[in-house]
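Welcome! Try each task before you read its solution.

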Amino acid sequence: MKKYMYAIVVLALALVLAACGSGGKSTSNTASTKGSSKSYPELRWGFLTFPGALDITRNVQAPLASIEGLVVTNLMEFGPKGKVQPGLASSAEQPSPTTYVYHLKSMKFSDGKLVTAADVVFSLERNISAKESWTKAYWEDVTSISASNSSTVVIKLKRPDATFQDIVAFTSQVIEKASAEKIGEKALGTPGHMVIGAGPWKVVGYQPEASVELARNPYWTGPRQPAEKITIDLFKTEVSMALALRSGAIDGVFDYYTPKIFASIPNVRVLKAAGDTIEYVSVNTEAPPFNNVYVRRAVAYATDSKGIVNAIYPGGLATVDPTIMPVDLFEAISSKSDVNSLVGSLPTYEFNLEKAKQELAKSPYPHGFTSTIAVEDAEANLVSSAEILSSDLAKIGITAKVREVPPADGAELLNGKTKLEINELYSAYPDPEGMMSSLIAPGQINPPGSGLNSANFRNAEVDKLLSESVETLNTTKRLQLIGKLLKVVNKEAPYTPICTHATFAAVSEKYVLSPSFNAWTLVWTPWALGVKLAS
């Protein structure tokens, strides 16, 4: 199977910032006004730093994708509520279940050269051919990408795929072929060797782990670029980023996980949108003692999801979900009532230490054992969750100390190297398949470069149902297949979902965000077009 999205993690020392003062404003609205049409000289934004090249194909991380979304245009893109709409393409056709035809707009790259179908074909083929491509798994069903003329691109698949347009909306970033070939794959996206795109801004400077400088693309013909210049400051911790926002050194941030750290900052508006990020416990199904299903179920019953949410995400900042993907994602394929019916039929593990002890008693380890809970040390919210889980596991005889992993070794948490861990994952697109095939597909068990099936979960029935659900275009039948799949997964308990938390932005009151602010438009799209001066 296919498809994965690397969950970008953040540090959230909310108590430290809370002690620094109060007075910030918070709102659940996506925008307060339409803002002014006037331009302004500079927008300063903050992101957590990321390793690697500034090239989405080889480095699909949320901060990087948010930056390159300003520079590189997709064939299709996400609009309000995650609906796919034309981007660089003027229109898209699907003459058959396995054929997509894209007609291109007349657009220019930031160096003035016209975007052609040859540039598009080159860019899309990089998903498959680029060394260490992070997006290759999404394109495994593609049999050919071709240009029928200078402004038309045809993509053919080996089987129907109900999510392919979603895939195109976040992995079809078009760059200039001639420039990229001259630079070469190894250097592309490194300082002095930036990709050339057709987005509203262009990269004029990149200092890894420090900053990215953007200037207006003079050949952009879309909506007016409000900021003449954009400076992206890169921070090692969320605390330092919040302090920069407090001091006025930056104007805003996208806060994927812990908005409490920004809520007390004066003259800052915290905006909330529906979340697409799930926090979960992962157990290695191939490594003793977690290769025993009763041990996994014991861990599931000992996971106090409600307690974690109340302690770390108060005030409705997160919800407890019974599945390994946000329930809201199901609404892309079915009605709310049908989704609720499906979710209500699934086997679940509500926090119950007595039941946890009973499950452990059925295993070869009735008196418990010693292990560790791995978690990235930059993620204070996850560290806190791990500490709560550790305390509850001790009550059933499992001694599991929290082992904090530095970000440099974060791949350990993705590649099935640990036995027990807490992690986060956000969906790349508004369909449950994106999350499912990241966490449970065998093709995501430590493939070259990355892998998100950290539980090393393998199940022939699940793999078959997952494949069938992707190929099924009838939404009613799709939902039925996914329901069968989730019943098997929940019974085997390779993962225990903790919660889904909302998506946030924290923005100086000097600015407003456009009403299109949502989980899908924070990345992949030119979001800064909607950052306008407050009226």
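**Exercise 1. The end of a helix**

Solution. Step one: helices (H or I, at least four residues) and strands (E, at least two) are DSSP runs, numbered from the N terminus.

Before going on, a note on the model. This is a predicted model, in which local features need pLDDT of at least 70 and side-chain atom pairs count only at pLDDT 80 or more, while totals for chains, interfaces and linings use all residues. Residues are numbered from 1 along each chain as its sequence is written, and side-chain values use heavy atoms, with hydrogens and water left out.

**Exercise 2. Confidence and overall make-up**

Find the average pLDDT of the protein chain, then describe its make-up.

Solution. Step one: pLDDT is the predictor's confidence in each residue, from 0 to 100. The protein chain averages 86, and 90% of the residues score at least 70. Over residues 1-32, however, the pLDDT is below 50, although this stretch has 144 contacts in the model beyond near neighbours in sequence. A contact means heavy atoms within 4.5 Å.

Step two: count the elements, and you get 15 helices and 22 strands.

Step three: check burial. Buried means under 20% relative accessible area, exposed over 50%, and partly exposed in between (1.4 Å probe, protein chains only). Of the 535 residues in the protein chain, 60% are buried.

Step four: take the contacts between residues at least 6 apart in sequence; 74% of them join residues at least 24 apart.

**Exercise 3. An enclosed helix**

Why is helix 8 described as largely enclosed?

Solution. Step one: helix 8 spans residues 293-301, and eight of its nine residues are buried, so the rest of the structure largely encloses it. Step two: the buried residues include Arg296, Arg297 and Tyr301. Step three: at the N-terminal end, Asn292 caps helix 8, with a side-chain oxygen 2.9 Å from the backbone nitrogen of Tyr294.

**Exercise 4. Strand 7 and its partners**

Which strands pair with strand 7?

Solution. Step one: two strands pair if DSSP finds at least two bridges between them. Strand 6 (residues 89-96) runs antiparallel to strand 7, joined by five bridges. The two form a hairpin with two residues between them. Strand 9 (residues 152-157) also pairs with strand 7 in the antiparallel sense, over five bridges.

Ala92 stands opposite Tyr102, and in strand 9 the bridge partner of Tyr102 is Val153.

Step three: five of the six residues of strand 7 are buried.

**Exercise 5. Aromatic pairs**

How are the rings of Trp45 and Trp527 arranged?

Solution. Step one: rings of Phe, Tyr and Trp (its six-membered ring) pair if their centres lie within 6.5 Å; planes under 30 degrees apart count as stacked, over 60 as edge-to-face and the rest as tilted. The whole structure holds 14 aromatic pairs. The ring centres of Trp45 and Trp527 are 4.9 Å apart and the planes meet at 45 degrees, so this pair is tilted.

Step two: Trp45 and Trp527 are 482 residues apart in the chain, and both are buried. Ring pairs also link them with Phe47 and Phe254 into a cluster.

Notes
Polar contact = N/O pair within 3.5 Å; in protein donor to acceptor, adjacent residues only side chain to side chain.
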